[in-house]
Amino acid sequence: MTPIQPSSAETPKATAASAGGRGAEFAWPNPPYAKEVAAATPLEPQPCEVVGLNAKRVTGRMTHFSAVNEVVHVQLPQARTRVTVRFDQFRTLTLIAPLAPFAVSGPRKVSGYRVLLNDGDELTGETLGHVETGFGLFLFPPAGDDGSVWRLFVPRASLQRFEVGKGAAAPKAAEGPGEAEAHNIGELLSSTQVSSREQLLEAIERQARMPIVRIGEALTSLGMITERELGDALAQQQLDRSVPLGEVLVRMGIVTRPDLQTALARKMGYPLVNLDAFPTEADALRKIGHAVAERLQVMPLLIHDGRLILAMDDPINRHAAIDEAEFSAQMKVVAVLGQTADLDGVQRAAYEKIGSVEGRSRSLETQGSIDFQLTDTSELIETLEKEGQNPSDDDAPIEQSDNSLVRLINRMILEAHREGVSDIHIESYPGREKIRIRFRKDGRLRTYLELPPNYRNAMIARVKIMCDLDISEKRKPQDGKINFAKFSPQHRIELRVATIPTNNGLEDVVMRILASAKPIALDRLGLSPYNLEHLKRAINRPYGMVLCVGPTGSGKTTTLHSALMQINVPERKIWTAEDPVEITQAGLRQVQVNPRIEWTFAKALRAFLRADPDVIMVGEIRDEETAKTAIEASLTGHLVLSTLHTNSAPETVTRLLDMGMDPFNFADSLLGVLAQRLVRRLCSQCIESRPATPEEVEELMSDYMHVFGAGDTPAAREALHAEWVERHGREGRLQRYTSVGCPACDKTGYKGRVGVHELMVMTRELRHLVQTGSRAELLQETALREGMRTLRQDGIEKVLAGQTSIDEVRATSNV
């Protein structure tokens, strides 16, 4: 390989002119075969993709490239300002728009390239020549058969050495038409099965050099589906974006699963491993327990270069399984295709060889971590009951250090996390009543298990020990946090714990699983186009106040963090006061309030005002002092975001006025109020649809139009019906969606939740009504006239889209 040479490399001429700043923009070099064509300076920002040092990909628009200063300016989506990125802060920069082919006579020779980065990772592929400079390497991967190329830049700061041409592991050029077809880049890996370690590593290396091909394109090019069938499947996928396209095609009966595997192997380059013959390695099997592998339907094969190679049926679409496997193994996963007639049998045989089918347990007290992946909860309960039996005293209390009880609690937390449970309730009852454990999932509580009363004290004490609380204090409530990685290093889970004393000297425990470590993009919150556009407009204002309101557990904090992520750029200073800090973001200065030491929201807000903020987020407005301080902050040049416990957007205004806010200051500061609820989402695995009857459409129409009062006219209904059919209809008919229940949703028909929203944006007329202290009904009437839709109306739109049911919407919203 050739090390990059900073001194002897030639720098494109246009770069020198850019030393003075923006006087002369950098001209990206052309491929070597087009040297006679002058490099063009980009007049417009160029769409680009930047790969960071952590391998995270970010798309945006490159507005400036300075080779002398070694910086690039990138405009991120929806951001008002550009971000300056130094060359030593990213791995690669690719201009997404292909460079059109040049009309030149020189040869266009395709060569393989291999680039070794400073962190040990390797980039491989094909290029139509390269240009080496003192600040980095320019490559030109083919973008099509017409001679167009992508433009890829690898900065010298990230580059250790590179090799282009012979020896760079590029595919050989075919000599004849038959060979050209056989050696096509999409056909490098045939459907021949891999059965040895050497074959697999070689196949993975080849696959890494292949271009990304979408599954729809792969199936079409192989003649397995038609363009029309692909279009029908894409339209069906719009009903639920969580279902992969390949799975949609299988469900529609257009392709079979073997067809899907063939396409993945032949057109996308995934190695096809014969699991019946492949010798799996014990180290790989120990990274993922048998129970996890069985549930995810995956097979660990080997570990290579610090990465776990894992076989599964659909590597391109099963992102959730890959993420969970990485979480469980605590290392990067490389997915390949696996083929066998009996995966369960192959898994059992492999794990039996290392003695891990039944699993082994170790005392948590002596080892610090415990292997509880392979034990079923019912087995643990049986063990507990056997260990608790005493011929002389059936009610003998159990010790909190009892090994089976420790494993049961650990297993309970793991199962709750895996199932997407938000809260775990441990409820103690007096006398000989059993202790009950309940899970809250998708807003609904269900009983998880019940234990005999002699486990009551031990279970509460064990939870207290896990979060370092006082086990002797039963008269006062206590708060704590469990870092579950202390007890199982491969599971990075955090839980917020609250103990509450109940009657008869007993205690209850509620554990909140803090699963939302990262914010959700604002576009993925389920906001309607109107609400999304106006909310983005409000949070991009330089000052003012935006409120998110709703009951406890309605997702207000998640929405605020999504809004903050939208405006979180290096040019802004953002302070947050939260109780507790559940979602973290790089770039935010986050503070957890503590009322016990009088560190309240109001005091935090006043402290922020002395810390040069641009944006302030207050977790909750709980009192008059916090409300007044927030309004003052929004009137003095700061954007303030906060939450409030009210039922609707118009009621929020009257509530704050009742708290003593000055109507004129409040009207001037308020930009908008977003009310929201969470409703259960129809299960995508068992959802069914049929044309809605006229009676059902009329029922939804009456529910939707009720709030308009005198505006509920036949003409308005007819216009609304036409709008519904255009947005949600199929062949001119509205659909009625139901989910009958399946194993994926525990026979409930619901899985996950979706938000319904009500956004009231302040206008001149609404501001006047606030200043005059008008009633909430008048505010709502005016807001509806100006485009607002109520929670019930937004919910009905989601019913028509097949996301939830009308019963769920009615249960969480008023008419």
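How many cavities of 30 Å³ or more does the structure hold? The structure, a predicted model, holds 1 such cavity, where a cavity is a set of points on a 1 Å grid over the protein atoms alone at which a 1.4 Å probe fits but cannot get out. Residues are numbered from 1 along each chain as its sequence is written. In this predicted model, local features need pLDDT of at least 70 and side-chain atom pairs count only at pLDDT 80 or more, while totals for chains, interfaces and linings use all residues, and side-chain values use heavy atoms, with hydrogens and water left out.

At least two lining residues come from each of α16 (529-539), β23 (544-549) and α17.

The second largest pocket (an open set with protein on both sides within 12 Å along at least five of seven lines) has a volume of about 1,700 Å³. Of the 36 residues that line this pocket, Lys-56, Arg-57, Val-58, Leu-76 and Met-565 lie nearest its centre. The lining of the second largest pocket comprises 20 nonpolar, 11 polar and 5 charged residues, and β2 (46-52), β3 (57-66), β5 (82-86) and α17 (556-567) each contribute at least two residues to that lining.

The mean pLDDT of the protein chain, on a confidence scale from 0 to 100, is 80, and 82% of its residues reach 70 or more.

Note on methods. On a 1 Å grid over the protein atoms alone, a cavity is a set of points where a 1.4 Å probe fits but cannot get out, and a pocket is an open set with protein on both sides within 12 Å along at least five of seven lines; lining residues have an atom within 4 Å of a point. Grid points are joined across faces, edges and corners, and a volume is the space filled by probe spheres set on the points. Helices (H or I, at least four residues) and strands (E, at least two) are DSSP runs, numbered from the N terminus. Ala, Val, Leu, Ile, Met, Phe, Trp, Tyr, Cys and Pro count as nonpolar, Asp, Glu, Lys and Arg as charged, and the others, Gly among them, as polar. pLDDT is the predictor's confidence in each residue, from 0 to 100.
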